[in-house]
Amino acid sequence: MNSKKQFFNQWAKTYDHDVQTVGGPFIGYDQTLQMAAIEVKSTLPEKGNLLDVGIGTGNFASLFASDTNIHGVDISDEMLNQCHQKFPNFVLKEGNFTNIPFEDESMDAVISSFCFHEVERVERKAALEEVNRVLKPGGTVCLVDLMFASEASMNDASRELADKWDDSEDYALIPEVDTLLRLTGFQHITCVQTARCHWLITGKKK
Ligand SMILES: C[S@@+](CC[C@H](N)C(=O)[O-])C[C@H]1O[C@@H](n2cnc3c(N)ncnc32)[C@H](O)[C@@H]1O
């Protein structure tokens, strides 16, 4: 089994508890998701189709109204099991950011929280092309993640967080994601810092 899938399968049962207690880069988790959900809700039509990529246990998608049709993709079947137990109405499929198992132009919004940095750097453009493919024209992309405005800001955070910082992670910088979104067919891009290590980036498919 792929080692990333194995890692998240093992984490699935304690994930919800851990994100509330582990601190470090996760500080502000609830606030960040709530701020992002407010942004995306204002763009969704009634009974809209929403896809959460790297849905995990479903915490971000759960903040959307009950009339939204929620779909989720994740590489981890154990995360999807946890999500299904909490939210049996969600349509869940095993899949990957770079190979999303949904139809072209089927979604009004694609959201993703704390997952984009898990995609290998060389695959990030392909991942955003997949997001673009499944979105309807004018649809919204919303990426929430551990991201930084600059190398200097990331280095400051690693010093501040000390032993809570994970050197093995490859976090994206805001200018890089902004550029990738523009290259993959998005416009009206906005970037907002929501917590010490969290940014919210939204854009619209042309
Ligand atoms: C840190 S968790 C975030 C879960 C959830 N979105 C949240 O905000 O709590 C990262 C999730 O992304 C999934 N994941 C990692 N790499 C992925 C990829 N390439 N494609 C899809 N899902 C992925 C993991 O299995 C895990 O469920």
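The answer below begins with the ligand and then turns to individual residues.

A: The model is a predicted one, in which local features need pLDDT of at least 70 and side-chain atom pairs count only at pLDDT 80 or more, while totals for chains, interfaces and linings use all residues. Residues are numbered from 1 along each chain as its sequence is written, and side-chain values use heavy atoms, with hydrogens and water left out.

The ligand sits in the largest pocket. A pocket is defined on a 1 Å grid over the protein atoms alone, as an open set of points with protein on both sides within 12 Å along at least five of seven lines; a cavity, by contrast, is a set of points where a 1.4 Å probe fits but cannot get out, and lining residues have an atom within 4 Å of a point. A molecule is said to sit in such a space if more than half of its atoms lie within 2 Å of the grid points.

Around the ligand there are 17 residues, of which Tyr15, Tyr29, Gly54, Asp74 and Ser113 come nearest. A residue is near a molecule if one of its heavy atoms lies within 4 Å of it. Sorted by class, this shell holds 9 nonpolar, 6 polar and 2 charged residues. In this scheme Ala, Val, Leu, Ile, Met, Phe, Trp, Tyr, Cys and Pro are nonpolar, Asp, Glu, Lys and Arg are charged, and the others, Gly among them, are polar.

A polar side-chain atom of Ser113 is 2.5 Å from an oxygen atom of the ligand. A polar backbone atom of Gly54 is 2.7 Å from a nitrogen atom of the ligand, and a polar side-chain atom of Asn96 is 3.0 Å from a ligand nitrogen. The protein buries 98% of the 600 Å² that the ligand exposes when taken alone. Accessible areas come from the Shrake-Rupley method with a 1.4 Å probe, and for residues only the protein chains shown count as cover.

Strands (E, at least two residues) and helices (H or I, at least four) are DSSP runs, numbered from the N terminus. His198 counts as buried because its relative accessibility is 0%; the term buried means under 20% relative accessible area, exposed means over 50%, and partly exposed lies in between, with a 1.4 Å probe and protein chains only. The side chain of His198 makes a polar contact of 2.8 Å with the side chain of Thr32, and a polar atom of the His198 side chain lies 2.7 Å from the backbone oxygen of Pro25. A polar contact is a pair of N or O atoms within 3.5 Å; within protein, one must be able to donate a hydrogen and the other to accept it, and residues adjacent in sequence count only if both atoms are side-chain atoms. Lys205 is buried as well, because its relative accessible area is 9%, and its side chain reaches the backbone oxygen of Asn132 at 2.7 Å.

Two residues other than glycine have positive phi values. Phe114, with phi near 55°, lies in the loop between β4 (107-113) and α5 (124-134) and counts as buried at 9% relative accessibility. His188, whose phi is about 50°, is placed in strand β7, residues 186-195, and counts as exposed at 57%.

Phe60 is buried, at 1% relative accessibility, whereas Ser62 is partly exposed, at 30%. Phe60 and Leu33 are 27 residues apart in sequence, with 5.8 Å between their C-alpha atoms. For Ser62 and Lys47, 15 residues apart along the chain, the C-alpha separation is 15 Å.

Finally, two helices may be located. Gln85 belongs to helix α4, residues 77-86, and is exposed, with a relative accessible area of 61%. From Gln85 to Thr57, 28 residues apart in sequence, the C-alpha distance is 9.0 Å. Val177 belongs to helix α7, residues 174-183, and is buried, with a relative accessible area of 1%. The C-alpha atoms of Val177 and Ile70 are 25 Å apart, with 107 residues of separation along the chain.
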